[in-house]
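Visitor: Could you walk me through this model and show me how to read its features?
Guide: Gladly; let us look at it together.

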Amino acid sequence: MKKNSFVEGTFIATLSIIIVKLLGMLYVIPFYNIVGSTGGALYSYAYNIYLLFLEMSSAGLPNAMSKIISEYDTLGYDNTKGRAFKLTEKILFFLAIIIFLILFIFADEIGRFIIGDLTGGNTYEDVALVIRCVAPAILVVPFLSVTKGYLQGLKYIKPASISQLLEQIVRIAVILVGSYVVLDVMHGKLSYAVGIAVSGAFFGALFAYLYLRHIYTKNHLDNFPKEKEEEKLISNKDIIKKIIGYAIPFIIISICADIYTFTDQILVLRTIQKLGYSTEDVEFIASAISTWAPKINMVINSISMGMIVGLIPTIVSSYTAKNMNDVSDKINRSMSIVFFISLPLAIGISILSTSVWTIFYNTNSYGSMILKLSVFSALFSNIYMVISIILQSLNSYKYVYSVSIIGFVTNALLDVPLMYLVHNLGYEGFMGSIISSLIGYTLSIALGLYGLYKSYNIKYNKAKSWFLKSLVAGISMAIVLFIFNHFINFNLYTYSGAIITIILNVLVGAPIYLYISYKLNLFNELFGRAYMRKIIKKVTFNKVDIGG
């Protein structure tokens, strides 16, 4: 089984995650049509709380595993790598059982907390039922995640990426077939249909985990060589301490990211009800902000997730080898690549928010309004996630905590005041929640960059140049699209009109962004001329060669 380099591994992981996220985007079109906005809100309640508890049980361990394995791999400690993996599995077993029992036993209490005083829509019993349906996934997903982390730490990116595709395909099949059969064939209750849908997380994870275990066994990764003399000095207790020490920052950062979403959902539910919105609108807006707009934004978030997979083991290897020039280059390059790819997607989705929302969820002015601004929250989230992972890879935990906690607290404190402020200014109050998230992410990014500069003297001259060039290309594209859309006149509230508008904007906008980026030499600077030559030859079937 072939190991993957930083750029190759990042490309494979990013491509895989983009496909996974695209599938995750596209399935919501038929699913939302099956369960409607009420079912969509119920799905959102249960799935967001599931994700929060999933982070508690496993979020830090896969990334911590990737980091530990990469570290021991660089040092040549093959036996210790195996011991670390086995010990992590044992820790996971106890955590998964505890979290599963909490979710299952206290589902009613969690449902009451989420719904609050809201009446006329979903009940807390509905929420509790769906939470219990998704709870078994906690018993499988952590083991899948840590196995992926182990393979990624060894720089085997391809099998981990394939497992993500398998997991998503099985999950989507259960969601769509299950909800359709319950509602349209058996004419069952909406809560049962949504319960079946969320159980797709369990079946998808189980299928993917069995695949990875097959790869693990087939390639004899469970045959650990005899301990070297220096490895004998590393006890299981030392390894457990390292696992926990590495995992805690990852857990904090992951939980904070999900608490951003969960806090926004709860505060929006509580606040905009007082601002005079109907129960139906309250449930729709809260679920749109926390779940349905982020589903569309997944394609942007996938960029940072793919980058992280390839980034952790390579930065850890360079840092372990004390090659700080390489560390600095990877930091500048990773942030810039994320921004370069995410920016045009964010601009495009924002400009086309009405058309995109129509295609995914039918016509809703609140939805398109939320998407128009929240897509930039996804862009900021991307950069924030990469910076926090870099800090963790370099063991700068002090700044990880401050970056995560200060950003989250800022968001939470500003949520309600900004909703009232925006409402009093004559705009839709819920937009204040998205603005508070943007402010929180901006503060986290600034603190993270300062931490890297102060602790490791990381300069950002290259990143500044690459960011500026990306902005020039992005702003140029936006200006042209604004002018272009002024002259076309399709009905954006119909599928045909929305699709035609999106296609025309892509055909106009993408070439502009790519051409200006090419003229500014961004491709060669970011990805390297040799790698760009290889990619161009592949996609043109060896017909185009830009030279060495």
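Visitor: Where should I begin, and what is the ground rule for the values?
Guide: This is a predicted model, in which local features need pLDDT of at least 70, side-chain atom pairs count only at pLDDT 80 or more, and totals for chains, interfaces and linings use all residues. Residues are numbered from 1 along each chain as its sequence is written, and side-chain values use heavy atoms, with hydrogens and water left out.

Visitor: What is the mean pLDDT of the protein?
Guide: pLDDT is the predictor's confidence in each residue, from 0 to 100. Here the mean is 82, and 86% of the residues reach 70 or more. Among the elements, helix α17 (residues 461–487) has the highest mean pLDDT, 94, while helix α20 (residues 529–539) has the lowest, 59. Where pLDDT is low, the predicted coordinates should not be read in detail.

Visitor: How many helices and strands does the protein have?
Guide: Helices (H or I, at least four residues) and strands (E, at least two) are DSSP runs, numbered from the N terminus. The protein has 20 helices and zero strands.

Visitor: What share of the residues counts as buried?
Guide: Buried means under 20% relative accessible area, exposed over 50%, and partly exposed in between, with a 1.4 Å probe and protein chains only. Of the 548 residues, 56% count as buried. I272, in helix α10 (residues 236–274), is buried because its relative accessibility is 0%.

Visitor: Which residues does I272 touch, beyond those up to four places away in sequence?
Guide: Contact means heavy atoms within 4.5 Å. By that rule I272 touches Y277, V282, I285, M419 and F430. The C-alpha atoms of I272 and F430 are 6.7 Å apart, although the two residues are separated by 158 places in sequence. For the whole protein, take the contacts between residues at least 6 apart in sequence: 83% of them join residues at least 24 apart.

Visitor: Is L438 buried or exposed?
Guide: L438 belongs to helix α16 (residues 431–456) and counts as buried because its relative accessibility is 15%. Leaving aside neighbours within four places in sequence, L438 is in contact with L373, F376, S377 and F380.

Visitor: How do I read a pair of packed helices?
Guide: Two packed helices are described by the angle between their axes and the distance between the axes. Axes are lines fitted to C-alpha atoms, for helices over the stretch in contact, and angles run from 0 to 180 degrees between N-to-C directions. Angles under 35 degrees count as roughly parallel, over 145 as roughly antiparallel, 65 to 115 as roughly perpendicular and the rest as oblique.

Visitor: At what angle do α12 and α14 pack?
Guide: Helix α12 (residues 324–351) packs with α14 at about 170°, their axes 9 Å apart, so the two are roughly antiparallel. The contact divides into 17 nonpolar, four polar and one charged residue. In these classes Ala, Val, Leu, Ile, Met, Phe, Trp, Tyr, Cys and Pro count as nonpolar, Asp, Glu, Lys and Arg as charged, and the others, Gly among them, as polar.

Visitor: And how does α12 sit relative to α17?
Guide: The angle between α12 and α17 is about 10°, with the axes 9 Å apart. That makes α12 roughly parallel to α17. Their contact has 15 nonpolar, seven polar and three charged residues.

Visitor: Where is K372 found?
Guide: K372 is in helix α14 (residues 365–393), and it is partly exposed because its relative accessible area is 39%. Leaving aside neighbours within four places in sequence, K372 is in contact with S350, I351 and S353. K372 and S350 lie 4.2 Å apart, C-alpha to C-alpha, at a sequence separation of 22 residues.

Visitor: Which residues other than glycine have a positive phi?
Guide: N457 is one of them, with phi near 55°. N457 sits in the loop between α16 and α17 and is partly exposed, with a relative accessible area of 47%. N521 is another, with phi near 65°, in the loop between α18 (495–519) and α19 (522–527).
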